Amino acid sequence: MRKFRVCHAAITGVVALAVAAVPAVAAGVQEQPSSTTAGSDAFYTYNGSKPLSSYSPGDVLKVRTLPYHVLGIATPLQATQLLYRTTDAQGRPSAGVTSVLRSPGGDGRKVVSYQSFYDSLDPEDGPSRAVAGNVKLPGGLIANGESTLVAPLLLSGYDVVLPDTEGQAAHLTASREYGYNTLDSLRAASSAASRTGISPDARVGLMGYSGGAVATNWAASLAPKYAPDVNKRLVGYAEGGVLVKPSHILRYIEGSQVWSGLIPELLIGQARSYDFDLKKYLNDYGKQLVDEHQHSSIADVLGHYPGLTWKKMAKPEYANPNSVPELVEAVNKTNLGLAPTPTVPGYIGQGNAGFLEGTTSNIAGIGSGDGITVAGDTRALARKYCAEGAAVWYQQYDALSHLTAPTATVPTALAWLRARFAGKEAPSSCGSIAEGNSLAADETVPAG
């Protein structure tokens, strides 16, 4: 897959150009090793004497400064990493990690929070590990490859915050937790201003694609209530390829040639995040897949299980996934259409040529998409935001798929964010967005 091919020389060159003039930050912070053995890095463990619940979301627990790495090679940029208190999918206190990168020409007052699409059930594939020098193959290539997206932001004068959006247990698809981790990482970056250089009143833009778009949108949606202090500093959010309604995604990719391999990972992520026993509903083949992919990334499964469906994994009495009450409850909690509407403007890009990637499903009530995300769901989300008074610029690319749409959505997102930071009025396409799908909550049906 082109999305996951990383050119070592190109990425290293781009990042070196972007960061050559950046001074070291956090003077006086003890330097950490530039890389660590996977799973051995004590920085990620909160071992303080006070319980996590005694801290407020965004409170900094640990700080370290180390060189920013690309594919294990140190660059001149110094990254500040923070362990901070946040909240997991079930509302429990947890510890998250974020990385802060200073721009050569930045003043600490313009920040882009970039949410990675590392999409993995293994925390070792997260962006903070890549920054610290770990290169776990193949999943770790994704966060390393995204250096090509970070570099233009640094060159343009924006400081960049890179949160590990899935948390330290790799709660893949625990969308609400993605939002909490993103918002609290921004709180942490500002509260540790003496170490990060990020001003407490810095303006912030949110940006992400695919899994990163999930974190971006949930952060924008949750900010008014969960983090009003961050919300008042947001200039907007820019995203592409967002997963809106997980139950629709599972049906849309069933039987596809490339994206059906993601089904086990999506199911594991829901079960892990909300603590339910998925395997009691699965047949032997389903149990085998779940056991094999407890620590897999998206790079491990794409194209590996063509034609896979839920029915092939489930016991006969659970042939309908809506007959699994815990799964229905989980997918409703991660349905973006049931989350609050952001109070800041947004850009949403969406591909619609999923057939290019072997997803030809056209199920009634779901329709077409980009191969993994459903265009009708995204249109419905944008229309919901418009109806509730938010400024939304929605663009649908009918000739682009999930793996090719970033060629259009990423440059557009960057330009859109620059205009918001410049104080220009956000454009709106609210009067021209076609109707979408129902984003109503799913209902449980009897088994058998």
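Predicted model: local features only at pLDDT ≥ 70, side-chain atom pairs only at ≥ 80, totals over all residues.
Local features require pLDDT of at least 70 and side-chain atom pairs pLDDT 80 or more, while totals for chains, interfaces and linings use all residues. Residues are numbered from 1 along each chain as its sequence is written, and side-chain values use heavy atoms, without hydrogens and water.

**View 1. Packing of helices α5 and α7.** Helix α5 (residues 175-191) packs against helix α7 (residues 211-226) at an angle of about 70°, and their axes lie 7 Å apart. Axes are lines fitted to C-alpha atoms, for helices over the stretch in contact, and angles run from 0 to 180 degrees between N-to-C directions. Helices are DSSP runs (H or I, at least four residues), as are strands (E, at least two), numbered from the N terminus. α5 is therefore roughly perpendicular to α7 (65 to 115 degrees). Residues in contact (heavy atoms within 4.5 Å) include Y178 and L183 of α5 and W218 and L222 of α7.

View 2. S247 belongs to helix α9 (residues 246-253). With 11% relative accessibility, S247 counts as buried (under 20% relative accessible area, 1.4 Å probe, protein chains only). Leaving aside neighbours within four places in sequence, S247 is in contact with V331 and D442.

**View 3. G126 in a loop.** G126 lies in the loop between β4 (110-115) and α2 (127-132). G126 counts as buried, at 2% relative accessibility. Its C-alpha is 8.2 Å from that of S116, 10 residues away in sequence. Neighbours within four places in sequence aside, G126 is in contact with Y118, A143 and D164.

Key:
Parallel < 35°, antiparallel > 145°, perpendicular 65-115°, else oblique. Buried < 20%, exposed > 50% of the residue type's maximum accessible area, 1.4 Å probe, protein only.
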